[in-house]
Amino acid sequence: MSGTSMASPSVAGGAALVLQSLYEKGLDKTEDAALQAKIALMNTSKIVNQPGTTIPYSPRKQGAGLMQINDAIQTPVLVKDQNAPLEEGGSVALKEIKGNTAQFLLDIEALSDQKLEYDVYVDVLTDETETMEFDLNGDGKVDESHEYLTLHTKRVEGATVMVNGSIASHDKGAKVLVTPNNNVKLYVNIFLPNNMKKNSFVEGYVRLVPKDPKQSPELTIPYMGFYGEWDAQPNIDPSPWEDEHFLGFTVLWDDMTDLPLGFNLETGDFDIEKIAISSLSAAPGVYSTFTALRNLEKTEMYIEDKQGKKLLELGDFSEFTGVPWKFSKNILPYEDNFYGGYLWEVADDEGNFVPDEDYQYVIESTLDYEGAKPQVVKMPIKVDSIAPSIRDIQVEPKDGKYEISFKAEDNKNGSGYYGALLYIDGQYTPLDPGKKSHIVDTEPTSVIVMAQDYAYNTSIEVWGDPSYVDQYILVSWFTAYGTAGVNEDNPLEIMGFAANRLKWTVVIEDSEGNQIDSFIEERQHSLRTTWTPKSDVPDGQYKAYAIVEDAEGFKVTTEEIPFKITRSEK
């Protein structure tokens with residue numbers, strides 16, 4: 001066993017021994033004594049250096065170090081942050097370092113009647129980084145370069161430290177004398193170099209090395225601060241088309257494919273002009289995923305129009321709790337790469353479909369830090385509900401074969417022509433993205449061109465024999481249930497599905513072809529309805545079908561579904 005499973009009982013046992021030793025040194029049996037035992041354990045822990053160096057691991061990685069129970073029991077002094085409550089006194093939290101100087105005050109409390117002399121050393125550390133270059137398209141040239149943490153620390157070159165007015169460093173000590181009768185304080189001033197990189201950690205250890213190791217173990221106290229504005233760093237990983245993104249999971253989806261909107265699988269790039277959705281498509285809407293880089297106090301999502309006006313509040317995760325919802329940052333080693341966001345159904349706050357234009361899907365987050373200001377990540381989403389136009393379909397001989405060609409283009413502010421599906425003499429042939437021609441061996445008699453843009457809007461044009469047009473050009477399926485005995489108590493259940501929102505005109509006819517009823521369902525990709533015969537409609541054989549029309553006026557008629565009205569068998 002390892003990790004916290006074994007560390008917790010080991011530290012608990014060690015703390016009990018140290019607490020007993022403090023009682024023997026005259027401390028009262030109070031809560032403060034328990035907190036001082038914690039400080040003794042922290043003060044006397046062994047600092048671990050990075051392999052092959054004299055540079056310690058970051059306090060964010062190793063804390064105060066490795067517990068040394070015997071040293072904690074024997075320590076003649078305690079070192080603590082004078083400006084922190086006792087429960088936090090074993091380390092120094094500098095928080096934000098606004099200028100080039102950081103100061104803190106340490107209190108040294110004597111626990112024995114010995115006179116002790118120490119040399120005080122101070123490590124000033126920051127994160128080590130490296131720049132990595134990437135050839136994204138394999139052409140041998142660098143496309144991007146990013147700076148990454150190496151998970152190691154380095155010393156801050158050019159930093160100066162003063163301890164009680166004397167210069168100190170990691171290898172030069174400032175002397176301090178501790179006696180039972182004096183209350184010794186260490187005034188530590190850290191001066192950072194002018195070229196110190198903004199928004200980086202400044203941390204390290206103040207180390208008290210005894211002149212006589214027999215009198216006292218070496219004592220340390222870790223400190224940590226952030227040089228810059230703590231709440232200015234990104235809460236959420238930028239989108240992959242933005243600079244300084246890390247993972248690239250802050251994107252938009254529509255559940256129609258397994259790729260994020262705007263992503264080109266061949267190039268590996270995003271085209272934000274192709275991040276689009278149609279109010280006529282079968283997509284349920286558009287939703288986000290995002291990677292939280294930091295612990296968040298609050299996260300909400302909404303839609304803005306192109307003027308920056310909030311159009312619709314999608315949701316605040318606080319709705320689940322009634323209080324600000326705290327997001328922990330994603331735990332990347334466990335492949336916790338992203339969270340899922342709220343769905344926008346391409347409608348306003350009254351449920352009406354919005355007009356075609358450019359919108360922004362906004363994620364607003366606030367860091368779990370006092371006084372933090374909200375940050376926003378905006379992802380563009382184009383609403384495009386107009387299909388590409390198709391014209392000039394031609395079939396011409398070419399090199400002993402036949403070339404089918406056509407012209408197709410999307411509307412001016414649309415998402416762009418994506419590609420086409422050809423229905424050639426009853427056989428489907430998909431074209432590669434962007435293509436507008438195809439070679440066949442024999443001359444066709446019928447060509448149906450179905451052109452699509454990046455928002456899944458589809459237009460249809462027919463060349464030649466129109467008899468190949470069937471319901472499946474627009475409708476995936478159309479059927480009815482409960483056909484054996486339809487009556488007032490058992491209505492006919494009618495269902496259909498299409499890839500786009502269509503106008504469905506459902507027609508009911510008798511066995512002679514006489515229409516006895518019809519009704520219309522507008523802008524539906526899924527048809528789920530019922531039909532109940534009126535009392536004056538006699539028993540007998542009937543049929544149901546639908547005339548289905550897209551936004552451009554192209555129509556198909558579905559197959560007829562026979563059913564029987566019978567009341568005598570109710």
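**Close-up views of a predicted model**

View 1. Strand E18 (residues 296-304) runs antiparallel to strand E19 (residues 310-316), the two pairing over five bridges. Strands pair here if DSSP finds at least two bridges between them; helices (H or I, at least four residues) and strands (E, at least two) are DSSP runs, numbered from the N terminus. Which residue of E19 is the bridge partner of Met301? That partner is Gly315. Five residues lie between E18 and E19 in this hairpin, and Gly308 in the turn has a positive phi of about 85°.

A word on the model before moving on: it is predicted, so local features need pLDDT of at least 70 and side-chain atom pairs count only at pLDDT 80 or more, while totals for chains, interfaces and linings use all residues. Residues are numbered from 1 along each chain as its sequence is written, and side-chain values use heavy atoms, with hydrogens and water left out.

View 2. Helix H2 (residues 31-43) has 13 residues, so at 1.5 Å a residue it should span 18 Å, and the 19 Å between its end C-alpha atoms agrees. The expected span is 1.5 Å times one less than the number of residues. Among the buried residues of H2 are Leu35, Ile39, Leu41 and Met42, and also Gln36 and Asn43. Buried means under 20% relative accessible area, exposed over 50%, and partly exposed in between (1.4 Å probe, protein chains only). What do the buried residues of H2 pack against? Their partners are helix H1 (4-24), helix H4 (69-74), strand E1 (77-81), strand E3 (101-110) and strand E12 (219-227).

**View 3. Lys95 in strand E2.** Look for Lys95 within strand E2 (residues 92-97). Lys95 is not a glycine, yet has a positive phi of about 60°. Most residues other than glycine have a negative phi. Is Lys95 buried or exposed? With 58% relative accessibility, Lys95 counts as exposed.

**View 4. Glu244 in a loop.** Glu244 sits in the loop between E12 and strand E13 (251-253). Although not a glycine, Glu244 has a positive phi of about 65°. Its relative accessible area is 60%, so Glu244 is exposed.

**View 5. The setting of these close-ups.** The protein contains four helices and 35 strands. Its C-alpha trace spans about 115 × 70 × 45 Å along the principal axes. Of the 570 residues, 45% are buried.

How values were computed
Contact = heavy atoms within 4.5 Å.
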